[in-house]
Amino acid sequence: MKKFNNNLNVLGLVLKTHREKNGFTKEALSRSLELFGIILDRNEIYRIEHFRRSVKDFELIAICKILKIDFNDLIRLISED
C-alpha cells in the first residue's frame, strides 16, 4: 500500500479536530455516515484519525458534509499541517 510520510492519509488530524469541534463522537459520526450509505464503524474512524486507514473519495465527501468542512478549506488546513 502506498503511503505519504509513512501515513495512509493526510487528513486524520483535521478530521479529528473538526469532529470534536462539532461535538461528534466517533459513534455519532459513524451513525451519520450510515445515512449516506457509508458503513464505517468507530474503529475505522479511529484508524483514519490516526493515519492508519486511507479514505475513499466518497467517504471524504460525506465526512466533509456532516462536519461542515468546505472542501477548499480542507485543502488549506491539510497544507498548513
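This is a predicted model: local features need pLDDT of at least 70, side-chain atom pairs count only at pLDDT 80 or more; totals for chains, interfaces and linings use all residues.
Residues are numbered from 1 along each chain as its sequence is written, and side-chain values use heavy atoms, with hydrogens and water left out.

By cavity I mean a set of points on a 1 Å grid over the protein atoms alone where a 1.4 Å probe fits but cannot get out. The largest cavity has a volume of about 60 Å³, counted as the space filled by probe spheres set on the points.

Who lines it? Leu15, Arg19, Leu29, Ile45, Ile48, Glu49, Ile63 and Leu67 do, each with an atom within 4 Å of a point. α1 (12-21), α3 (42-49) and α4 each give two or more residues to that lining, and the largest share, 3 residues, comes from α3. Helices here are DSSP runs (H or I, at least four residues), numbered from the N terminus.

Now the crossing. The axes of α2 (residues 26-34) and α4 (residues 57-67) come within 10 Å and cross at roughly 115°, so these two helices are roughly perpendicular (65 to 115 degrees). Where do α2 and α4 meet? Leu29, Ser32 and Leu33 in α2 touch Ala62, Ile63, Ile66 and Leu67 in α4, with contact meaning heavy atoms within 4.5 Å.

Note on methods:
Axes are lines fitted to C-alpha atoms, for helices over the stretch in contact, and angles run from 0 to 180 degrees between N-to-C directions. Angles under 35 degrees count as roughly parallel, over 145 as roughly antiparallel, 65 to 115 as roughly perpendicular and the rest as oblique. On a 1 Å grid over the protein atoms alone, a cavity is a set of points where a 1.4 Å probe fits but cannot get out, and a pocket is an open set with protein on both sides within 12 Å along at least five of seven lines; lining residues have an atom within 4 Å of a point.
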